[in-house]
Amino acid sequence: MKVLVLSSGGIDSTTALGMAVNKYGKENVISLSVSYGQKHNKELIAANEVAKYYGVEQLFLDLEKIFEYSNCSLLHQSTEEIPEESYSEQIKQTEGKTPVSTYVPFRNGLFLSAAASIALSKDCSIIYYGVHTDDAAGSAYPDCSPVFNKAMNDAIWEGSGKQLHIEAPFVNKIKADIVKIGLELNVPYQFTWSCYEGQDKPCGKCGTCIDRAVAFAKNNAVDPAL
């Protein structure tokens, strides 16, 4: 049984990759990373380092063209600044009715659809990805919710002739739970990158930096990437 893991080079997807390697063996795991027009390539570099650490095949896919019409603050053409506050503060401003400004339009839907085609071509029967419940809270990232995950899994299962399905091991877990699992598996967090900014060091101010710091703190652990 072969597994394709969507790998962004961050905490969640790297932990999912570690789980897949632990469960199926590195010879049965493929890592897929996607360029989507993000403001920096730090996460793609991180994903490559993680793949080298585990000794798995690393694939790259360029989907930048699809997002060129979006003004999402994560994208290089955006006129918006990346918010320097926690997701909970951002959700308060949207009143939980709309996604946060760092939501890339239907990104997970697109990634999973593209991954399904590649997975079938590479004889994989499972797609792993690292969505978790913190991201789905308050409609911040609606394409991270259990409802969305089930709908995509049903579509991919049917559309693949019942050859391929999704596994989202963290869809009902918070980020602290993911870090706990990763620490137990000795996941190489020293190679990961989560920050939305592409500086030499993480900014410590964007939503994902704040979430990451809290997750390690809840595990009484030091972030090795820092």
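Mentor: In this predicted model, a residue counts as buried when its relative accessible area is under 20%, as exposed when it is over 50%, and as partly exposed in between.

Trainee: Is F148 buried or exposed?

Mentor: The relative accessible area of F148 is 12%. The cut-off for burial is under 20%, so F148 is classed as buried.

Trainee: Which class applies to F106, given its relative accessible area of 45%?

Mentor: F106 lies in the loop between helix 3 and helix 4, and its partner F148 lies in helix 6, 42 residues apart. The two rings form an edge-to-face pair, 5.7 Å centre to centre with 85° between the planes. With burial set at under 20% and exposure at over 50%, the 45% of F106 falls between these limits, so F106 is partly exposed.

Trainee: How many aromatic pairs does the count come to?

Mentor: Rings pair if their centres lie within 6.5 Å. By this rule, the number of aromatic pairs is eight.

Trainee: What geometry do the rings of Y24 and Y128 adopt?

Mentor: The ring centres of Y24 and Y128 are 6.4 Å apart, and the planes meet at 85°. Planes over 60 degrees apart meet the criterion, so the pair of Y24 and Y128 is edge-to-face.

Trainee: How far apart in sequence are the parts that Y24 and Y128 tie together?

Mentor: Both residues are buried, Y24 at 15% and Y128 at 3% relative accessibility. Y24 belongs to helix 1 and Y128 to strand 4, so the parts tied together have a sequence separation of 104 residues.

Trainee: Over the ring of which residue does the charged end of R107 sit?

Mentor: The distance from the charged end of R107 to the ring centre is 4.9 Å.

Trainee: Which residue has K42 lying over its face?

Mentor: K42 is placed 4.4 Å from the ring centre. The ring belongs to W193.

Trainee: How much space lies in the largest cavity?

Mentor: The search of the whole structure finds one cavity of 30 Å³ or more. Its lining comprises 38 residues, with R107 among those nearest the centre. The space in this cavity is about 710 Å³.

Trainee: How many charged residues does the lining of the largest cavity have?

Mentor: Helix 1, strand 2, helix 2, helix 4 and helix 8 each give two or more residues to the lining. By class, the lining has 18 nonpolar and 12 polar residues, and the number of charged residues is eight.

Key
Residues are numbered from 1 along each chain as its sequence is written. This is a predicted model: local features need pLDDT of at least 70, side-chain atom pairs count only at pLDDT 80 or more; totals for chains, interfaces and linings use all residues. Side-chain values use heavy atoms; hydrogens and water are left out. Rings of Phe, Tyr and Trp (its six-membered ring) pair if their centres lie within 6.5 Å; planes under 30 degrees apart count as stacked, over 60 as edge-to-face and the rest as tilted. Helices (H or I, at least four residues) and strands (E, at least two) are DSSP runs, numbered from the N terminus. Buried means under 20% relative accessible area, exposed over 50%, partly exposed in between (1.4 Å probe, protein chains only). A charge sits over a ring if NZ of Lys or CZ of Arg is within 6 Å of the ring centre and within 35 degrees of the ring normal. On a 1 Å grid over the protein atoms alone, a cavity is a set of points where a 1.4 Å probe fits but cannot get out, and a pocket is an open set with protein on both sides within 12 Å along at least five of seven lines; lining residues have an atom within 4 Å of a point. Grid points are joined across faces, edges and corners, and a volume is the space filled by probe spheres set on the points. Ala, Val, Leu, Ile, Met, Phe, Trp, Tyr, Cys and Pro count as nonpolar, Asp, Glu, Lys and Arg as charged, and the others, Gly among them, as polar.
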